[in-house]
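Here is a short briefing to read alongside the structure. Keep the sequence at hand as you go.

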Amino acid sequence: MNNKIDDVEAYQSSQIANAYMSRASDLQRWIDDFIATFADVKPKHGIMVGNSKELNKNNFGELTSVYEQFTKELPDRVDQLESIRAEFNEISLKEGIRELQDILKWQSNLDQSWDNLDVSTGEYKSFIDKTANWHYRHGSIYHVENDILGGLEERINSLGSVGYDNLEAEAKELNEKIEKAKLMLEDTKLKANDIIDDPDDLIDLTNRKNFDDHYNEATNRLDELLASFQVALTAANNASLLAAFHAEANRIISNCGEGIAIVKSRHEDLENSGYYALEVDALGAIIRDAIDGYSESEEKLHKYDQQINIDLKNEADKLIEINPETNKNRVVNIFNKVTTALEQFSDTVALERREIELSRRVHAHAKSAHDIKNWISSCKMAVLSIQGGILDQEDEIISLEGKVASFQGVIDQFKDQSHRVLIPETNSAEIDAPQPEETNPKIKDAIQIRTNRVLEDWYGLKDLLAHLRTSLNASKESQEVSRAIKDILVAINQVKERVLNIESFITGEGVPRLPTKDDVEGGELELNEIQAEVDHILGPRIESLDEMINNLTENDSGYVQQRHGIAEALTNLANIIDTKRTQLREAHNLALFGTKADEMNALMSSLLEVVDIATTTMDGSPLSSLDKIELQSRSIELETKYDYYCPKIHQKFDECKRLAEPLKEDWRVEDRLGILKEQWSELIDVANAKKEELKRLLSGQVPKTRHSRSNSQLISARRRGVVSPGVSPSRNPLYRPSTSRNTSKTPTRLTPSPTPGSPGSPRRPPIRLLPHNVNNYVPNPNDQLDVEVARIVNACPVKIKVSMVEGEPGKYMFGEVEPKLCYCRILRSRMVMVRVGGGWAELSKFLVDNNDVTLQFILPQQNTLTWNKNTSPKQDLLSDLTKQSQQSEETKPLQGPVFMRRVSALSRRDTDSESKGQRAAVPWR
């Protein structure tokens, strides 16, 4: 039983092994066959020869066909190999395969054979590429031999029979073919040198030798053709060039003869015309015809000269160089004949040129004479149309004189031209040659006659113009003096107006504010500039006028009287300037008083702030809520600072009174001094009341209540009456005293205020302060006028829309509903003025005066506050005071404190109800 099983297993193992070996044996035979084929075909078909193009083509076709057959069968054989390898892997995994060692050996041999096939295939492919390279190199040489050099030898041998006109083209084409063949052979050689040979490979060595032999054979043939081409071309060129040279020489000789005959004919026609005595138009026509003919002859001469000395000379040199022995004597004889004919033609043209140059100079002289006579005639007509002694026509006379003076150069040139007509050009080659005028002396006589006629007309014109100038100068002097007198008087009036426009700040001029130091200095500076202009501009002009009057040749009594009028106007101007200087000196004292008043205002404001701090609490609670230590500290602080400020304020007030004493006639000074006194008096009352209140609180007593408002509210209301430092009602440009006499309902400073809290007396309402910045106009920082306008507008209590007119400096639009177009200017004192009607007004005053038209004025119902364009009250203090006052006073009638009412001394002087006794009650008067 076991033996049967063994027999079965042996049979199965044998069947599997036989099937595998059969398929492996088939693939092994295919591999061995192609390896052998590759080895056999190389020496049989891999050698390229140089004597048979068809054999090379067949051999290369056999090589490629073997490789194509291999690549065609290769995919199936690759699949067969993969199948055998898969079958081998399955057999390797089975058990009981007795032939397994034989199968392993078969598979190892098959893999080795496949690798050998891969190597053989790569070597065969490289061999085909190298053989193809040799095949293409032989093909390039065959192309040169058959397609380029074929038939070339016959064409070279027939060059001698080619005509001269076709010789160049034929030679060029042959040369191009030879050069093309040469380049192709060189390129083929370079590519063959790039082929890498194996020194041990007989096939490589054979292919290299065959190519070198083929290449050398072709190059030798090309060299032979090139040498024969050069010989044939030289002989053909020599014969053709010599024939063409002779024909060209004969043609040029004939052309020169024809040119000489034409020039001689024109010369005879010009001589017979008598051109030198003709008028300019007829002479011009004759000369144009002669010049046209000469130009044609000269152009021909230049053309023949180029043909002989360049083209023909080059051809002669070339012929002699080609064949010196045969061509030299013949070429030289021909060339000498041509040059002789050219010289004869050149001499004839040169003689005609000299004759034409003379005729052109004669024509130029005749044309100049004609033009000058026409100009003189027109100028003479213009002179005769001017009446002597009329100054309005002086410009025409000056214009004519200028034209005549500038035309003198033309006359001088004409004289010189008359002498130069008969002189030839300074050319050394022609100076000594016979001139045409030497054979015809009538030319010189005609030139001289024409010149004399022109000069007679010229001198007559100059005499006529000189007589006209003499009659004009007599009336011109008097008119110049009259114009100078008028200009000086106008200048004096303009300077006078500038002086009067300088603001002197006196009350008679209607100026409502006190001047500042800058105002006075600006006015003095402008006045000094005006005086400098009078000294350095007007003075020299008057001296020049005196010199003109002294130089008058006629009666000058009327001008002397007008000169006295100028002296009186200067004296009047000097008096006005002196008066204005005196007024500015007085304004300086006003400015000093205003400065001291502002300093006193600053001290009172500081003291009022001390009083407010000592008598108010942070949370608004009453002082009685504070402990005694705090109250005592506040009392001491108040007493100390009160004792510190009082002497200083008294001192400033005394200084103000001292400065006001010589200025007491000025209502602005009186008004400001009265306001200072009343402000200081009420401030003392407020301070004393607060000190008394602190003392009673320290002693435990309840402070007395005099009116319904709290003490802090009273201080707040009174504090609004103290002007901030630098603010002065009389120095404010918007401050204007009341002009009403009996109709004003606002009590004056001499009228005592009702006692607060008394029956029937209204309580003082809070003073509504102005916003810090009503307007916010942003100026152009590079425009000084715009900067000053912004400063005034932004400090103004008037809500107004302002805009600059673009492209028109100095023009502004004021207002929003019905805007006004206004023109502004800035003075040297930096004061901004606006044009109003026929005069000028200060911008700040103009804004308030016109608030009822287009502006929104936001001041309180009564003008109880002052405004200064340079300063404003402290923002934090004002906001606190406003808040406190508005808590209980919004519904009360509006009545400001005494020391804030703007009632001027001028209105008091004009009020009938005020007597001199009442005035005497004012302490500073």
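Which residue takes a positive phi in the hairpin of β3 and β4? Glycine 815 does, with a phi near 105°. Keep in mind that this is a predicted model.

**Strands β3 and β4**
- Strand β3 covers residues 811-814, and strand β4 covers residues 820-826.
- The two strands pair in the antiparallel sense.
- Four bridges link β3 and β4.
- Tyrosine 812 stands opposite cysteine 822, which lies in β4.
- Five residues lie between the strands of this β3 and β4 hairpin.

**Strands β4 and β5**
- β4 also pairs with strand β5, which spans residues 832-836.
- β4 and β5 run antiparallel and are joined by three bridges.
- Arginine 825 stands opposite methionine 833 in β5.
- β4 and β5 form a hairpin, with five residues between them.
- In the turn of this hairpin, arginine 830 has a positive phi of about 70°.

**A negative surface patch**
- Two helices, α4 (152-157) and α6 (202-273), each supply at least two residues of the negative patch.
- Glutamate 154 sits in helix α4.
- Is glutamate 154 buried or exposed? Glutamate 154 is exposed, because its relative accessible area is 63% and the cut-off for exposed is over 50%.

Terms used
Residues numbered from 1 in each chain as written. Predicted model: local features only at pLDDT ≥ 70, side-chain atom pairs only at ≥ 80, totals over all residues. Heavy atoms only, no water. Buried < 20%, exposed > 50% of the residue type's maximum accessible area, 1.4 Å probe, protein only. Pairing = 2+ DSSP bridges.
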